[in-house]
Amino acid sequence: MEAKKPYLFVFIVYIANLLGSIYYYIFGRNFYSFNVGYILNSLTAEEKEYVMNDNVILENLNRISVDLAAVKKPLSFSGEYFMTRGFIEQIKNRVAFENYLKQNPDILNVKIKDPVFFITLPRTGSTFLHCLLKEDPSWFAPRIWMQKSHFPSPSNPYSEKDMEIINKNRDEVIYFQSLTDWNVLSKAHLVSERDPEDLLIQLEPLGINAAASWLFGMEDYNKFIATLPLEKWSEVMKKLKVMFQCLMKNYPSTRLLSMSHIFCVNVESIYETFPDAKFVIIHRDPVKSVSSLSSLVRSLRKLWYNGETEKESYSYFTRINGEISYQMDKYLKFRTKMEEMGKSDLFVDVSFKNLVKDPIACVQDLYGKLGKKWTKEAEEKLKYFIENQTEHKTASHKYKITEDMQNYTKDLFKSYCERFKEFL
Ligand SMILES: *[C@@H]1O[C@H](CO)[C@@H](O)[C@H](O)[C@H]1NC(C)=O
Ligand SMILES: *[C@@H]1O[C@H](CO)[C@@H](O)[C@H](O)[C@H]1NC(C)=O
């Protein structure tokens, strides 16, 4: 289905941001800014208590608030507004989920067996592969509408209530995307509410805003996310597990498939929570992967910031390089530790080049490594998707990478490239 850009909505936001900029110009501050007090005051007593008792969420909110005020470039009016509303809704939704859980305690008995997590470099075809595999009904890849709503457990097949939630999410996804760089996104990464998305959507209501970390360039907040101790991550992962259990309740014979990126999650904490999980990584030349992410970040930032010059946009190249390579080193350390314990079969490697060249052969090979049966049904569905889908084509990014920048990335990812050169 072709998504139409909602021009009226975009126009209204444009005018609001224009007025917001004039206000900023005159008064030297934003008309509306993200602050924890306002968020807490928008909550019911029960919701407030929940936030107060959850140290990950509260600390996360406080840090974002302080750091946002400190970044040099202020958010646009709509950026502040959507960010604030987003947090309020997430907290409300989270508390409602806890109450739903109390009424449906059997959710805690749902088994999650042999889940698969794609934890990979950015811009490696991970979204394409994730969306491709969802076509095989023996996987359970939580779709955006499920990732955002958490509950009730989706019926099998979808009920009328599910359809209502799906439709509500369709509008939200389109509105969200319309405020980013639609032209770039419609080539590179336009998603629908029925596509599965990055795990980071499910982590946000739990107090981990990895996207805010790499999108906004808040140095202290980045450090906070990057160095969050394993115990805190594990606390979050336990809650995430319950969210998966709720979603999969009516799909008992399927296998969980989730996707995220090396700089958005902590792999070790996933392993602790799901000891029978497997981790798939797609390898691609980091020079291409990182520069492509920098270009995507520029497109996405339009949602939160008024126009940025090309020069400004290059400032996040270094930052993104630093964040990803730091997390890559952590991943490699964990992987080496597990391999030394004789658990190298936890990890499965996929080459981006092979994925692009022959996706079906690549997936067939992957199924073998994941101990999953390759069926005629899966083959037909996957082939149909590859031939007929229009999104997720590799877009040529317009990010000029000088030799200097290439060398910078190569240097940071040296040990990664040496270790996985056969896949690059
Ligand atoms: C693509 O879609 C067309 C029309 O629905 C269908 O005839 C064709 O078989 C599809 N391609 C594959 C590989 O299934
Ligand atoms: C980049 O690295 C290559 C190979 O090490 C070197 O020959 C080249 O001079 C470097 N370029 C810059 C601009 O530093």
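User: What makes β1 and strand β4 (residues 278–283) a pair?

Analyst: In this predicted model, β1 and β4 are joined in the parallel sense over 3 bridges.

User: What makes β1 and strand β3 (residues 255–261) a pair?

Analyst: The two strands share 5 bridges in the parallel sense. Val116 has Leu257 as its bridge partner in β3.

User: Why is strand β1 (residues 116–120) called mostly covered?

Analyst: A residue is buried if 20 or more other C-beta atoms lie within 10 Å of its own. In β1, 5 of its 5 residues are buried, so the description applies. Val116, Phe118 and Thr120 point one way, Phe117 and Ile119 the other, and all are buried. Side chains in a regular strand alternate between the two faces of the sheet.

User: How do you know that Ile119 is in contact with Phe279 and Ile281?

Analyst: Contact means that the C-beta atoms lie within 7 Å. Beyond four places in sequence, the residues in contact with Ile119 include Phe279 and Ile281, so both pairs fall within that cut-off. Ser260, His261, Ile262, Val265 and Val267 are also among its contacts.

User: Which residues have the most contacts inside the largest nonpolar core?

Analyst: They are Ile119, Leu203, Ile270 and Ile320, in a core of 88 residues. Helix α13 (residues 230–248) supplies the largest share of this core, 9 residues.

Conventions
Residues numbered from 1 in each chain as written. Chains lettered and ligands numbered in written order. Predicted model: local features only at pLDDT ≥ 70, side-chain atom pairs only at ≥ 80, totals over all residues. Buried ≥ 20, exposed ≤ 12 C-beta atoms within 10 Å, placed from the backbone. Helix = DSSP H or I, 4+ residues; strand = E, 2+ residues; numbered from the N terminus. Pairing = 2+ DSSP bridges. Core = buried A, V, L, I, M, F, W, Y, C linked by C-beta atoms within 7 Å. Contact = placed C-beta atoms within 7 Å.
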